[in-house]
Amino acid sequence: MDSISNLFVMGALQFMSTLFVFAIGLAVLVIAVVFVMDVSQTNDAVRKNYPVLGRFRSLFTTLGEFFRQYFFAMDREEMPFNRAEREWIGRASKNKDNTIAFGSSKNLSPAGTAIFVNCPFPTLTEDAAVIQPLQIGPYCRHPYDAPSLFNISGMSYGALSKPAVKALANGARMAGCWMNTGEGGLSPHHLDGGCDIVFQIGTAKYGVRDELGNLSDDKLRDVADNPNVRMFELKMSQGAKPGKGGILPGVKVTPEIAAIRGIPAGEDSISPNRHPEIDSAGEMLDMINRVRDVTGKPVGFKAVIGAFGWVETMCEEIHTRGIECAPDFITIDSGDGGTGAAPMALMDNVGLLVKESLPLISDIFHKYALRDRIRIIASGKLITPSEVGLALASGADFVTSARGFMFSLGCIQALKCNRNTCPTGITTHNKRLQKGLNPTDKATKVANYCHNMIHEVEVISHSCGVRRPRLLRREHVRIVQDNGKSVPMNELYPRPEILPEYCEAAQ
């Protein structure tokens, strides 16, 4: 038996030795082939000069995103959203305790930092006022009494997956907030939750276009007939890509999405960089009033502000035509807004930040006695209570967020939104990856995030001595300057007087 065992052991060792030699030989062969390929190509100088080893540069660059996020970046260092912000949303969406210990990790010294001015006699809980619905579109056949000050910004079905849209729609209903469709049209998944819907009309008119791509009144009526559709938003521009239309890669244009949008399946969905029929403030008002007349519902527009002389031209035109022809709302997007796919040149460099453009537009509307007529919605990287509170103090009536709600769905900021490989199933149509996103569970987290956001904005407002968030004003905020001192926001952005010729309209 010993001799048989020895033979077996020797045979096994012989086999393993042969296998090892084969593996070494195969590895040498592969390295040799890669070496020849690298020295022969002319596209990559590093690989040509350092064959085989040069390939590790690309690998390490790719892995850098992972290592920075999990091992090297401090809580407040990452972009576009840092770990502290994402973890606050994570706790809020799970309804967990959101208190912190020992001290703030936020640096309050940099210029531009907003600091809320606490009152020596803050509002008692029993004296706090309940947030009341705010009406949008008083001259419409069907005005909208919007119940929530915090809502879901435009994200298209196509850019988002089916389970993500279902979760957002159901979460919006549970939270009592609205959900914007984005420019991709109205899908059954938006309607699945029974929430209030804002239908966005993009430059390609997806969902309301005729065979030639023009706006169809009949299709507008069909959409407006749905009682869940409460408002229409004309998308003029977007913070992440002002002057550039929507981009949905062909790999994401499934037959279902193509049918909803009215475009060919499997082809890149590229929207025009503006509405071809709108080339002035007057023509924009024409379009807004056309949609409002057809649908009977409030109509406004979304824009990132750069040049703003046209806003004053629009206000003058409104008074010429009559105040009822004004947009029912404006959504001011921030120049640092995000999207699934946009040119870096636009995303990094074009458009004013909402913290500057919001008080600017609010003051223009006030100067022309239109501030109470046109509701202001602020959008763009407003994902924490301090940012939402600052927007309200700066002049907003409502705040919307897209990426904040994506984080509540479980987004990990993998930065793969445009590749159809989102590991959390939010921005991919890969069925395997979508399995990780349970719409029922995530809907609860969406609602929790919305509820906890509003609660903590109320906490800020009560600390400032006002009974509800919409009573926050610029005097409740100080802005840190270059010298390290802070000044009241109402001194940096003083409210202008109403122009004399419009004082009567303000009464």
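**Entry 1**

I looked up where helix 13 touches helix 16. Pro385, Ser386, Val388, Gly389 and Leu392 in helix 13 meet Met453, Glu456, Val457 and Ile460 in helix 16. I took contact to mean heavy atoms within 4.5 Å. By class, this contact has six nonpolar, two polar and one charged residues. Here Ala, Val, Leu, Ile, Met, Phe, Trp, Tyr, Cys and Pro count as nonpolar, Asp, Glu, Lys and Arg as charged, and the others, Gly among them, as polar.

I note that this is a predicted model, where local features need pLDDT of at least 70, side-chain atom pairs count only at pLDDT 80 or more, and totals for chains, interfaces and linings use all residues. Residues are numbered from 1 along each chain as its sequence is written, and side-chain values use heavy atoms, with hydrogens and water left out.

Next I checked the geometry. Helix 13 (residues 385–394) and helix 16 (residues 439–463) pack at about 65 degrees, with axes 9 Å apart. Axes are lines fitted to C-alpha atoms, for helices over the stretch in contact, and angles run from 0 to 180 degrees between N-to-C directions. The crossing is right-handed: the near helix is turned clockwise from the far one by less than a right angle.

**Entry 1: helix 10**

Which residues of helix 10 are buried? They are Val311, Met314, Cys315 and Ile318. They cover an arc of only 100 degrees around the axis, so they sit on the same side of helix 10. The arc is that of the directions from the helix axis to the C-beta atoms. Buried means under 20% relative accessible area, exposed over 50%, partly exposed in between (1.4 Å probe, protein chains only). Their cover includes helix 9 (281–295), strand 10 (299–304) and helix 12 (354–367). After helix 10 comes Gly322, with a positive phi near 125 degrees.

**Entry 2: helix 7**

In helix 7 (residues 217–224), I found Leu220, Val223 and Ala224 buried. They fall within an arc of 95 degrees, so they line one face of the helix. Asp218 and Asp222, on the other side, are exposed.

**Entry 3: whole chain**

I counted 18 helices and 15 strands. These are DSSP runs (helices H or I, at least four residues; strands E, at least two), numbered from the N terminus. Buried residues make up 48% of the 507 residues.
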